[in-house]
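Here's a quick briefing to read with the model open beside you. It goes from the overall fold to the core, then the charged pairs and the pocket.

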Amino acid sequence: MSSSVPTTADGMSELLAGYRPTTASRGGAVGDTVYAIREAILDGVLAPDVWLREVVLSEALGVSRTPVREALNRLEEEGLVARTPGVG
């Protein structure tokens, strides 16, 4: 993992401030979270080989871990993230 990428919620909050979902629609948290993380990846804010920890992302984006977990599953299906079994 790159040393320049924050691994705490505070550091990640600053990094993802512009990507934080603003809608509070019922049932839209997963879609909003997918969009936020996808855009951060495509914009280069979340660099390749960075560990994306559920708890850190959830705190930084202001959502619970469930939408983050589902978002990471969808992004893995899209090929934007990869999970390493037995790590983390």
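Helices (H or I, at least four residues) and strands (E, at least two) are taken as DSSP runs and numbered from the N terminus. On that basis, the protein reads α-α-α-α along its sequence, with four helices and zero strands in total. This is a predicted model, where local features need pLDDT of at least 70, side-chain atom pairs count only at pLDDT 80 or more, and totals for chains, interfaces and linings use all residues. Numbering starts from 1 along each chain as its sequence is written, and side-chain values use heavy atoms, with hydrogens and water left out.

**Overall packing**

- Of the 88 residues of the protein, 32% count as buried; buried means under 20% relative accessible area, exposed means over 50%, and partly exposed is in between, with a 1.4 Å probe and protein chains only.
- Take the contacts (heavy atoms within 4.5 Å) with a separation of 6 or more: 63% of them are between residues 24 or more positions apart.

**The nonpolar core**

- A nonpolar core here is a set of buried Ala, Val, Leu, Ile, Met, Phe, Trp, Tyr and Cys residues joined through side-chain atoms within 4.5 Å.
- The largest one has 20 residues, and the members touching the most other members are Met12, Leu16, Ile37, Leu46, Leu57, Leu61 and Leu72.
- Helices α2 (29–42), α3 and α4 (65–77) each put at least two residues into this core, and α2 gives the largest share, with six.
- As background, nonpolar side chains in soluble globular proteins tend to be buried together.

**Helix α3**

- Six of the eight residues of α3 are buried, so the helix is largely enclosed by the rest of the structure.
- Those buried residues are Glu54, Val56, Leu57, Ser58, Ala60 and Leu61.
- Ser58 lies in this helix, which covers residues 54–61, and counts as buried because its relative accessibility is 5%.
- Leaving out residues up to four places away in sequence, Ser58 touches Val63, Ser64, Arg65 and Val68.
- Just after α3, Gly62 takes a positive phi of about 75°.

**Salt bridges**

- How many salt bridges does a search of the whole structure find? There are four, with a salt bridge defined as a side-chain nitrogen of Lys or Arg within 4 Å of a carboxyl oxygen of Asp or Glu.
- Glu78 pairs with Arg38, and their closest N and O atoms are 2.7 Å apart. This bridge links distant parts of the chain, since Glu78 sits in the segment after α4 and Arg38 in helix α2, 40 residues apart.
- Both partners count as partly exposed, Glu78 at 42% relative accessibility and Arg38 at 22%.
- Arg69 bridges to Glu54, with the closest N and O atoms 3.4 Å apart. Arg69 is in helix α4 and Glu54 in helix α3, so the pair ties together parts that are 15 residues apart in sequence.
- Is Glu54 buried or exposed? Glu54 is buried, with a relative accessible area of 15%, whereas Arg69 is partly exposed at 32%.
- Glu54 and Arg69 also belong to a network of salt bridges with Arg65.
- Glu76 forms a salt bridge with Arg83, the closest N and O atoms being 3.4 Å apart. Glu76 is partly exposed at 34% relative accessible area, and Arg83 counts as partly exposed at 38%.

- On a 1 Å grid over the protein atoms alone, a pocket is an open set of points where a 1.4 Å probe fits, with protein on both sides within 12 Å along at least five of seven lines; lining residues have an atom within 4 Å of a point.
- The largest pocket holds about 690 Å³ of space; grid points are joined across faces, edges and corners, and the volume is the space filled by probe spheres set on the points.
- Of its 19 lining residues, Val50, Trp51, Leu52, Ala82 and Arg83 are the closest to the centre.
- By class, the lining has 13 nonpolar, two polar and four charged residues. Nonpolar covers Ala, Val, Leu, Ile, Met, Phe, Trp, Tyr, Cys and Pro, charged covers Asp, Glu, Lys and Arg, and the others, Gly among them, are polar.
- Asn73, in helix α4, counts as partly exposed at 27% relative accessibility.
- Asn73 and Arg83 are 10 residues apart in sequence, and their C-alpha atoms are 9.1 Å apart in space.
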